[in-house]
Amino acid sequence: MSLLEEIKVKSVNDQIPIVRDQTISFIKETINELKATTIFEVGSAYGYSALAFSQCPCAKKIITIEKDVQRFNVAKQFLKNETKIQIVNADAFTYEPKYIYDFIFIDGCKSHQEKLVDKYLLNLKPNGKMIIDNIHLQKFKDIDQLTKNQKNLIKKVESFKQWLLSNNKILVKIVNIDDGIAIVEKK
């Protein structure tokens, strides 16, 4: 079993959400098209997506941050021999990146995402791309009775999507794969 498969199995067993297969493939294609050498990720979990991104031949440096200490420690153990990947235990809202990146992936906290986009756009190269996962939250569409928290989360994500689409500083394209992704570029 490959390390990527091992992380996927552990994530599923521990009920840790991971980026879905179609989305991972799409992101890797985007990274390769951009010839992105530097990648920044918000929301490492166990390191599954960072390891998948590292398989792109052009990827040379991946910084991934994870706020949850337990998830960070699991990822750190899994990724200990991965020279392209640096995992940092940090809060996305307070972390200060040291680099400007070709590609940024945001798959973290679903509330206050506007702040994350504004913050990390400053660290995106002029021709770079930012991808934000879970822009639709399809998993809730088949549930008959949503909890109050689930309803609030859907409202936050819908509000965020509208904010993205109306933001005049960026170009946004919504791609309807898996739970939906937004591709963001600077104008």
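Buried means under 20% relative accessible area, exposed over 50%, and partly exposed in between, taken with a 1.4 Å probe over protein chains only.

## Basis of the model

This is a predicted model, in which local features need pLDDT of at least 70, side-chain atom pairs count only at pLDDT 80 or more, and totals for chains, interfaces and linings use all residues. Residues are numbered from 1 along each chain as its sequence is written, and side-chain values use heavy atoms, with hydrogens and water left out.

Helices (H or I, at least four residues) and strands (E, at least two) are DSSP runs, numbered from the N terminus.

## The sheet

Two strands pair if DSSP finds at least two bridges between them.

Strand 1 and strand 2 (residues 61–66) run parallel and are joined by five bridges. Glu41 has Thr64 in strand 2 as its bridge partner. Strand 5 and strand 7 run antiparallel, with four bridges between them. Ile131 stands opposite Ile183 in strand 7. Strand 6 and strand 7 also run antiparallel, joined by six bridges. Val172 stands opposite Val184 in strand 7. Strand 6 and strand 7 form a hairpin with five residues between them. In that turn, Asp178 has a positive phi of about 50 degrees.

## Helices on the sheet

Contact means heavy atoms within 4.5 Å. Strand 1 and strand 2 run parallel, joined by five bridges.

## Helix 5 against helix 6

The axes of helix 5 and helix 6 come within 9 Å and cross at roughly 35 degrees. Which residues meet here? From helix 5 come Gln113, Glu114, Val117 and Asp118. From helix 6 come Ser159, Phe160, Trp163 and Leu164. The residues of this contact divide into four nonpolar, two polar and two charged. Ala, Val, Leu, Ile, Met, Phe, Trp, Tyr, Cys and Pro count as nonpolar, Asp, Glu, Lys and Arg as charged, and the others, Gly among them, as polar.

## Aromatic pairs

Rings of Phe, Tyr and Trp (its six-membered ring) pair if their centres lie within 6.5 Å; planes under 30 degrees apart count as stacked, over 60 as edge-to-face and the rest as tilted. By this rule there are seven aromatic pairs. Phe40 and Tyr120 have ring centres 5.0 Å apart and planes at 45 degrees, so this pair is tilted. The pair links distant parts of the chain, with Phe40 in strand 1 and Tyr120 in helix 5 (residues 113–121), 80 residues apart. Both Phe40 and Tyr120 are buried.

Why is the pair of Phe160 and Trp163 stacked? The ring centres are 6.0 Å apart and the planes are at 20 degrees, so the pair counts as stacked. Phe160 and Trp163 are three residues apart in helix 6, so about one helical turn separates them. Phe160 is buried, with a relative accessible area of 1%. Trp163 is partly exposed, at 22%. Elsewhere, ring pairs link Phe40, Tyr95, Tyr99, Tyr101 and Tyr120 into a cluster.

## Loop residues

Most residues other than glycine have a negative phi. Ala45 has a positive phi of about 55 degrees, although it is not a glycine. Ala45 lies in the loop between strand 1 (38–42) and helix 3 (48–54). Is Ala45 buried or exposed? Ala45 is buried, with a relative accessible area of 10%.

Asn134 is not a glycine either, and its phi is positive, near 60 degrees. Its place is in the loop between strand 5 (124–133) and helix 6 (148–166). Asn134 is buried, at 16% relative accessible area.

Terms used. Axes are lines fitted to C-alpha atoms, for helices over the stretch in contact, and angles run from 0 to 180 degrees between N-to-C directions.
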